[in-house]
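Please walk through this fold with the sequence and the model side by side.

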Amino acid sequence: MVVLLLRSKFDFYIIISFVIIITSSSSLSQSNQYCDSGIGYSDSTCGNGIGSLNSKLLIKGGTVVNANHKHLADVYVEDGIIVAVNPNIRVGDDVTVIDATGKFVMPGGIDPHTHLEFEFMGTETVDDFFSGQAAALAGGTTMHIDFVIPRNGNLTAGFEAYEKKAKKSCMDYGFHMAITKWDEAVSREMELMVKEKGINSFKFFMAYKGSLMINDELLLEGLKKCKSLGALAMVHAENGDAVHEGQNRMTELGITGPEGHALSRPAVLEGEATARAIRLAEFVNTPLYVVHVMSIDALEEIAKARKSGQRVIGEPVVSGLVLDESWLWHPDFETAAKYVMSPPIRKRGHDKALQAALSTGVLQLVGTDHCAFNSTQKAFGIEDFRKIPNGVNGIEERMHLVWDTLVESGQISVTDYVRLTSTECARIFNIYPRKGAILPGSDADIIILNPNSSFEITSKSHHSRLDTNVYEGRTGKGKVEVTIAGGRIVWENNELKVTPGVGKYIEMAPFNYLFDGVDKKDAIYLNSLQAPVKRVKS
């Protein structure tokens, strides 16, 4: 047994973990090999223990990059916390030294949008809180925020279920909470989640009629409650009623394959729902976060709202930035089905528009919506696209693809990259500068990226349990060579060293920066009413 004392700037934690001996899989043709109770991870291994056991690290000679500045400096880490960021730091022989000369030293990525161990459409995603997080670490992401789904509308039951799922975590994580019904009990539970459980965001599904979808009345009640609690309202913006009609239309036309998924929920329905959510949030005067923005239609609504001064955050996901819908027309069902997600991946042109919106600040950060269903699960819909479980991978690929797509093309700077993949997420969810920064006192969640190294994505070498990959065969420049999570070296030399149970739940406080000035705007509104009018009774 290994007993470690890991310090954060807020609390002391004692983490007790059994050392798991890792054995490699006997078949390299298996693309879904994973590290779990002794099963190897493809071409890399999980190693033994929980990464480097030395509590003191020095990252030497690299270019330290934060969201607003980069400079040559060393980074000294002790007990999981960044202690110093200065040039030419001298240390003793008891410190592990990592040479980062010619490389970028950056905050680990934070993925704001994942679905691990998610029960959906009659099945469950194949990546749990261990395999999904291990994949994330191999790709340079050191924290993610997952979505808790209530149990029969009960928020507490949902939270407790996800607490159990997350016990196997190997990196830090947080939770959003979905709202799927409305009554006084839900309203009270929202308050409990914010005040006692560390949740500061609630998601409302405007799609998935008959399961997760809510109506406008519920959305309005939810927006008002979010405002009073200082919690961020999030929406999956598609017109669920119209999507249902589109699905019926496609089946009546005999279109039952994966292409029917895209045809049944066109971009106009995403744009309509985005506009409606934005206007309702404006009516209530509360900030809004639009998840997985996939189309020009949606981003134009966000741009218009932001230009008017409204507090709206737009989150594209990596699949929407680098893929197009043509894959859904592939003649092989297995190939086409793996690209089914909602909102759908759009026609060529939407991807470039989303990239440009990130570079100009119209959209603020990049997620993945990692929701991994394997080819067997996708085949549930081989006769009816409506039964194909919706979701694609991305938790491991995001950092590399954003770098190659946006930095290598000159669309964004290195500091922009840190902002889009880490810092802005930390600011929005009120965990900055504990997360999202290379600063003294910040958690030692750090990556070392070599801009001159290259990567290749394949399902045989990735670390997800998926047997497919929507980015199969993609290559590019800029590779995460080292990942440090909580001061532990967990990814180095293409070797993954992780153990379930060491990840921490990160509580997130309400009233982030988006709420600054909301009360003043309310006061201005009330003063502008010139009502009620006092009339003389005759």
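Contact means heavy atoms within 4.5 Å. With neighbours within four places in sequence left aside, T335 is in contact with W327 and H330. T335 lies in helix 10, residues 333–337. Helices (H or I, at least four residues) and strands (E, at least two) are DSSP runs, numbered from the N terminus. Why does T335 count as buried? Because its relative accessibility is 18%. Buried means under 20% relative accessible area, exposed over 50%, and partly exposed in between, with a 1.4 Å probe and protein chains only.

A word on the source. This is a predicted model, in which local features need pLDDT of at least 70 and side-chain atom pairs count only at pLDDT 80 or more, while totals for chains, interfaces and linings use all residues. Residues are numbered from 1 along each chain as its sequence is written, and side-chain values use heavy atoms, with hydrogens and water left out.

Now the sheet. Strands of a sheet pair through backbone hydrogen bonds, either parallel or antiparallel. Here two strands pair if DSSP finds at least two bridges between them. Seven strands form an open, parallel sheet in the order 8-11-12-13-14-15-16. Strand 8 (109–114) and strand 16 (312–314) are the edges, and each pairs on one side only. From one strand to the next, the twist averages 25 degrees. V290 has G314 of strand 16 as its bridge partner.

Helix 2 (residues 155–165) packs on this sheet. It touches strand 11 (141–148), strand 12 (172–179) and strand 13 (201–205). Its direction makes about 155 degrees with that of strand 12. Axes are lines fitted to C-alpha atoms, for helices over the stretch in contact, and angles run from 0 to 180 degrees between N-to-C directions.

Elsewhere there is an antiparallel pair. Strand 4 (residues 70–78) and strand 5 (residues 81–86) are joined by five bridges. D74 is bridged to N86 in strand 5. The hairpin has two residues between the strands, and D79 takes a positive phi near 55 degrees.

Nonpolar means Ala, Val, Leu, Ile, Met, Phe, Trp, Tyr, Cys and Pro; Asp, Glu, Lys and Arg are charged, and the others, Gly among them, are polar. The lining of the largest cavity divides into five nonpolar, six polar and two charged residues.
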